[in-house]
Amino acid sequence: MKDILSKLKLSELNNGTSTGQQFFGLDSAKIKEIFSPVDAKLIAKVKYTTKEEYEKVMSTANEAFKVWRKVPAPKRGEIIRQYGNLLRENKEYLGKLVSYEMGKSLQEGLGEVQEMIDICDFAVGLSRQLYGLTMHSERTDHRMYEQWHPLGIIGIISAFNFPVAVWSWNSMIAAVCGNVSVWKPSEKTPLSAIACMQLMSKTLKDNNLPEGIFNLVIGDYLVGEWMTTDKRIPLISATGSTRMGKIVGKTVGERLGRSLLELGGNNAIIVSEKANLDMALRAILFGAVGTAGQRCTTTRRLIIHESIYDKLKSSLLKAYQQLTIGNPLDSKNLIGPLIDKDAVANYMAAIEKAKQEGGNVLYGGEILTGSEYESGCYVKPTLIEAENHYTIVQHETFAPILYLLKYNNLENAIDIQNGVAQGLSSAIFTDNMHEAELFLSAAGSDCGIANVNIGTSGAEIGGAFGGEKETGGGRESGSDSWKAYMRRQTNTINYGKELPLAQGITFNI
């Protein structure tokens with residue numbers, strides 16, 4: 001791990017200690033110790049941003065915006081292209097850091113960095129496609145069009161489960177749109193964020209650009225409050241729980257700011273009797289246990305047609321027994337730890353609640369022990385037979401718990417799928433066109449993402465990512481999500497010698 005920190009230039013921030021641990025910016029401010037959920041070892045101590053430092057960051061960001069907004073969009077894209085190439089050079093090291101700090105498998109850590117690279121490529125192309133419309137005026141000798149201008153300082157609050165990718169979704173697109181950004185990563189995974197900023201600092205320095213284009217503040221909810229109440233930040237993009245999102249939305253709304261919210265999911269896969277069960281099984285496994293169930297798109301409910309319920313249940317039980325759990329940096333392991341012991345406690349509490357409500361635990365429900373699991377954060381992925389109306393099934397538990405539910409017709413399955421407060425990702429497995437199209441219709445899934453014959457997890461950056469209902473309604477990443485980071489301006493130009501009024505109004509003096 002010391003080699004990884006050194007490669008990512010994090011060791012340059014060391015205060016000279018000989019312990020091999022890294023200490024970032026230590027002074028009298030609050031100190032956060034960062035332990036890996038992989039082996040419970042102390043990786044680093046990080047200083048939280050003080051209010052005075054926050055004000056300095058905001059001032060620096062504001063001055064940088066005055067410079068950055070004047071840089072032509074294609075040239076802004078060139079900076080992002082260079083950063084993407086730097087990520088390519090450091091993919092292995094950053095991916096390992098993500099895996100070790102957060103606990104996801106190495107393949108998923110590398111995949112997250114690849115997602116950053118992909119969004120950089122997307123943003124580079126976007127920098128030449130920030131199109132506005134030209135409209136025909138109803139008045140003679142008039143031209144109308146719309147254009148898009150940058151908002152200013154974009155506030156980004158990200159969660160621990162994707163410690164780098166979600167920042168890149170927001171910041172790379174915001175940057176080519178002419179904005180600067182201030183990023184508050186999860187206090188559980190600040191090292192990955194520091195590494196990203198070290199690489200970005202090099203890119204900006206190489207191009208003689210002000211460092212305030214991309215900014216980092218580290219801390220807990222208090223730093224988040226500074227951001228959400230700050231009128232200098234017109235847009236707050238926040239990823240996290242629905243509870244957190246409601247607080248952010250209310251706070252930002254009270255000052256008439258904008259919120260882009262990516263909140264919880266309670267995602268379901270419907271498995272039809274007309275499905276390819278081999279395909280479905282693979283998608284279910286990755287969706288339910290990938291990142292140890294700590295994705296907003298994790299499959300949490302499996303809605304199975306009653307005619308194939310027993311067959312699929314049997315296949316799942318066999319597959320779950322073959323899952324390898326352990327150190328995520330070991331390529332043989334498919335599942336790593338939960339982020340911390342609080343997450344383990346929530347996992348156990350959810351299972352107990354499911355039992356109390358009548359659920360039948362088919363597999364799992366255990367904390368793993370032994371030398372390989374010394375951090376105390378490793379748990380067995382769990383299968384529970386349940387009913388959709390159970391309180392715990394209606395709730396998103398950030399852990400590898402999959403609830404098995406039965407249905408008897410597709411309309412019933414869609415009602416079950418939609419019968420939760422969240423609306424992020426959904427999927428159906430079927431080889432029947434009627435079923436697939438009904439699921440995707442206005443009478444089908446009410447989620448922001450609806451898939452056919454692929455799972456709920458693993459979205460591509462080309463499509464707008466986000467959900468409805470208590471998922472918050474925001475959209476990040478692809479498609480036209482760039483518009484969230486800009487302000488629209490309608491322009492009318494009179495190139496004639498008269499002043500006709502709209503709607504034919506006469507106003508003579």
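Trainee: Which handedness does the crossing of α10 past α11 have?
Mentor: The crossing of α10 past α11 is right-handed, the near helix being turned clockwise from the far one by less than a right angle. Helices here are DSSP runs (H or I, at least four residues), numbered from the N terminus. This is a predicted model, in which local features need pLDDT of at least 70, side-chain atom pairs count only at pLDDT 80 or more, and totals for chains, interfaces and linings use all residues. Residues are numbered from 1 along each chain as its sequence is written, and side-chain values use heavy atoms, leaving out hydrogens and water.

Trainee: Which residues make that contact?
Mentor: From α10 they are L277, L281, I284, L285, A288 and V289, and from α11 K311, L312, S315, L316, A319 and Y320; contact means heavy atoms within 4.5 Å.

Trainee: And at what angle do the axes of α10 and α11 cross?
Mentor: The axes of α10 (residues 277–289) and α11 (residues 309–321) cross at roughly 50 degrees and come within 11 Å. Axes are lines fitted to C-alpha atoms over the stretch in contact, with angles from 0 to 180 degrees between N-to-C directions.

Trainee: Changing topic, how many disulfides does the whole structure have?
Mentor: The search finds zero disulfides, a disulfide being a pair of cysteine sulfur atoms within 2.5 Å.

Conventions:
Helix = DSSP H or I, 4+ residues; strand = E, 2+ residues; numbered from the N terminus.
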